[in-house]
Each structure stands twice: as C-alpha cells, then as structure tokens.
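Colleague: I am new to this structure and would like to learn how its features are read. Could we go through them one at a time?

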Amino acid sequence: MSAAETAHDGGIPASAAGSRSRHAAFTSRIATRKNPETEGSVTPGTALPPSNVTSPKSPRKRRGVNREGLEAGRRSTRTILWILLAAAMVLYGFPFLYLLFTSFKTPIDTIAVPPTILPKEWTLVNYVSALGRSGVVASIINSTQTAIISTLMSLVLAVPAAYGITRYKTRSGRIFIMAALVTRMVPPVAIGIPLASMMASVGLSDTPIALSIAHTTISLPLSIWLMSSFFEAVPRDLEEAATVDGCSRLGALWRVVIPVVSGGIAVTAIFAFLASWNEFLFALLMTAIRSQTTPVVIANFQTQFGLDWGSMTALAAVYSIPVILLTLLLQRKIVAGMTLGAVKG
C-alpha cells in the first residue's frame with residue numbers, strides 16, 4: 001500500500017477514517033434531534049436536513065386560550081345565575097308586594113274587579129281597623145311567646161342530640177336520626193288531634209306551653225339534622241386540645257364547639273322560629289281564646305259581605321315585620337352558618 005493511500009495517523013487507512021468521520025457526524029445529528037435539551041442547537045460545521053414537523057405552540061399561548069375560555073364560561077354562568085335570581089325574586093317578591101299594596105287600598109278597591117296592583121288612593125284605614133280589633137295585640141304577643149319557647153326547646157334538645165350522634169357514631173344514633181327524618185315526613189294533621197287530646201287531659205289546653213310543645217314536634221327533627229351537619233364540619237382536634245387543657249366533654253362542647261358553630265345555631269333558630277311563627281293547624285286545634293296566635297286571628301277576619309281583605313293584608317304585613325327584622329339582625333350568623341364546613345383543611 002502506498003503512502004498516498006495510507007494514513008499514518010495511528011495506522012488507519014484513509015478510507016476507513018473517512019467512513020468513521022461520516023458515521024460520527026450522522027450519530028451526532030441523530031442525538032441532537034432526539035435530545036430535547038439540545039433541541040434548537042446545531043453542532044458547528046454540521047447542517048441539519050430540513051424537517052416537515054412543525055414546532056408545538058408555546059405554553060404561554062395555550063394558557064392564554066384556556067384562560068379566555070374560562071372567563072367566557074364564568075361570564076355565561078354569572079348571567080344564568082342572575083337570570084335565575086331575578087326570576088326567583090319575581091316569584092317570591094311579587095305576592096308580598098301585592099299584599100303590601102293591598103293593605104294601603106281603600107275597602108272598595110280591595111274587592112274591585114278587575115283588581116289593580118297599585119292603590120288608587122293610599123290610606124291607613126286598614127291598619128287602624130286591624131290593630132283596633134279585639135284580641136289582635138294579644139294574638140301577636142301569644143305568637144311571639146310561643147315561637148320563642150318553641151325555638152329554645154328545639155335548640156336545647158337538638159344541640160346535645162346532634163352532638164352525640166356526630167361524635168359517637170353508634171348504630172343507635174344513626175337509627176335515631178333516620179327516625180327523626182321519618183317523623184318529619186308525617187303530616188301534622190295525623191298528630192294534631194292526639195296532641196290536642198293529650199294536652200287537654202293534663203290541663204294544658206289553650207296555653208302557650210301546650211302549643212310550644214306541639215310546635216317543637218315540628219321543628220325538632222329538622223333542627224337535629226341541621227345541627228348534625230354543622231357539628232360534622234368541626235374538627236375533633238379542637239375538642240382534643242380542650243380536653244388536654246383540662247376541659248371535660250361538656251366543657252369542650254360549651255366553650256369550644258358551640259362558639260364555632262354559632263352561625264349554624266343561628267340558622268337552626270331561624271328555621272325553628274319560622275316553623276312556629278307561621279304554623280296554623282296546631283294553633284287552630286289547641287287554642288280557643290286565651291292563646292290564639294295571629295294566623296288564626298287573620299283567618300277569622302270576616303264581615304257580612306265576606307272576607308275583610310284590607311284588614312287581613314294589613315295585619316299580615318305587620319305580622320311579617322318581626323321575622324324580617326330577626327333575619328336582618330342574624331344575617332352575618334346565617335351566612336357563617338351556611339358556609340360552615342365549605343372549606344376544610
């Protein structure tokens with residue numbers, strides 16, 4: 001082999017050296033194209049063949065498109081919720097507004113055909129007539145007294161019952177809460193007459209105490225269910241820390257747990273108060289004169305020509321004021337109770 005055909009660099013022939021050089025360049029191009037860390041870098045002196053594969057879009061652009069889609073979805077959701085809220089306001093608000101406007105009409109306008117929404121002549125004669133009737137003020141006092149007693153009885157019974165059910169989690173506790181739900185499904189008329197007979201037999205007929213006990217049978221199952229859900233949202237670590245500090249089980253309940261679920265107690269109290277405040281059947285069966293509540297008195301507003309719509313609407317408007325004021329006073333507690341347990345951890 002001649003010197004021109006042989007490479008003296010290590011004794012390797014020139015043809016073999018060229019083949020090895022081309023193989024090394026090809027391997028370098030393959031490694032460069034397969035390695036994502038070196039994508040876009042080119043080995044000096046090496047030309048990459050053109051590629052038909054398009055580069056993916058940058059993550060920033062993809063995030064921008066998703067964000068715009070999410071914003072559009074949120075705007076449409078808010079629009080739908082506002083429409084539903086407006087429809088609910090019309091469905092629930094219009095009857096009350098019509099009642100309120102009717103209470104300011106003259107007695108002739110209240111029975112006019114066709115009826116009008118706004119009064120033609122604004123007057124307070126219906127309020128004077130309603131509040132001046134015998135027994136109306138006493139009925140409002142009876143309703144307030146009965147609702148307060150019933151609400152307190154419901155809370156006193158529901159709070160320890162719900163606490164025991166949620167903390168001990170026994171089989172009897174689960175059966176008890178299911179039985180409470182079943183009793184809530186029983187129509188009041190099925191137990192109204194037996195309750196009235198029982199109260200008459202023990203000498204409590206036509207008394208606020210008897211009516212409060214009857215109203216408690218309506219509100220207690222719902223109160224237990226509500227308080228159980230609120231106690232479930234309270235972590236047990238708070239009670240364990242209180243017991244480490246020397247509190248008993250009842251002490252931890254009174255000093256630690258109840259302040260945490262105060263919003264839930266306010267919500268339960270509102271529902272129990274409304275259940276007694278608006279109840280009609282038990283009040284009709286168990287009261288005569290001394291303990292008549294306002295719903296029964298409103299139903300008795302009659303004249304020789306029929307129902308006295310003006311006085312009825314006026315007294316109903318007055319009767320709704322305490323509930324509205326109570327809801328406004330406990331608004332923060334109600335919101336806190338509704339959101340209790342929504343965020344955990």
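Predicted model: local features only at pLDDT ≥ 70, side-chain atom pairs only at ≥ 80, totals over all residues.

Colleague: What is the mean pLDDT of the chain?

Modeller: The mean is 79, and 76% of the residues of the chain reach 70 or more. Over residues 58-65, however, pLDDT stays under 50, and the model has one contact for them beyond four places in sequence.

Colleague: Is Ser150 buried or exposed?

Modeller: Burial is judged by relative accessible area, where buried means under 20%, exposed means over 50% and partly exposed lies in between, with a 1.4 Å probe and protein chains only. Ser150, which is found in helix H5, has a relative accessible area of 0% and is therefore buried. Leaving aside neighbours within four places in sequence, Ser150 is in contact with Ser212, His215, Thr216, Ser219 and Ser276.

Colleague: What span should helix H10 have, and how far apart are its end C-alpha atoms?

Modeller: The expected span of a helix is 1.5 Å times one less than its number of residues. The twelve residues of H10 (residues 249-260) should therefore span 16 Å, and the end C-alpha atoms are 15 Å apart, which agrees. Gly251, Ala252, Leu253, Val257 and Ile258 are the buried residues of H10, and they pack against helix H5 (136-168), helix H8 (208-232), helix H9 (236-244) and helix H11 (262-277).

Colleague: Which residues have a positive phi although they are not glycines?

Modeller: Most residues other than glycine have a negative phi, and most peptide bonds are trans. Lys169, in the loop between H5 and helix H6 (171-185), has a positive phi of about 50 degrees, and with a relative accessible area of 43% Lys169 is partly exposed. Asp206, in the loop between helix H7 (188-201) and H8, has a positive phi of about 60 degrees, but at 10% relative accessibility Asp206 counts as buried. As for peptide bonds, the one from Val113 to Pro114 is cis, with omega near 0 degrees, and Pro114 is found in the loop between helix H3 (107-110) and helix H4 (125-131).

Colleague: Where is Phe94, and which residues is Phe94 in contact with, leaving aside its neighbours within four places in sequence?

Modeller: Phe94 has its place in helix H2, and the residues in contact with Phe94, once those neighbours are set aside, are Met89 and Ile117. At 41% relative accessibility, Phe94 counts as partly exposed.

Key:
Residues numbered from 1 in each chain as written. Heavy atoms only, no water. Helix = DSSP H or I, 4+ residues; strand = E, 2+ residues; numbered from the N terminus. Contact = heavy atoms within 4.5 Å. pLDDT = per-residue confidence, 0-100.
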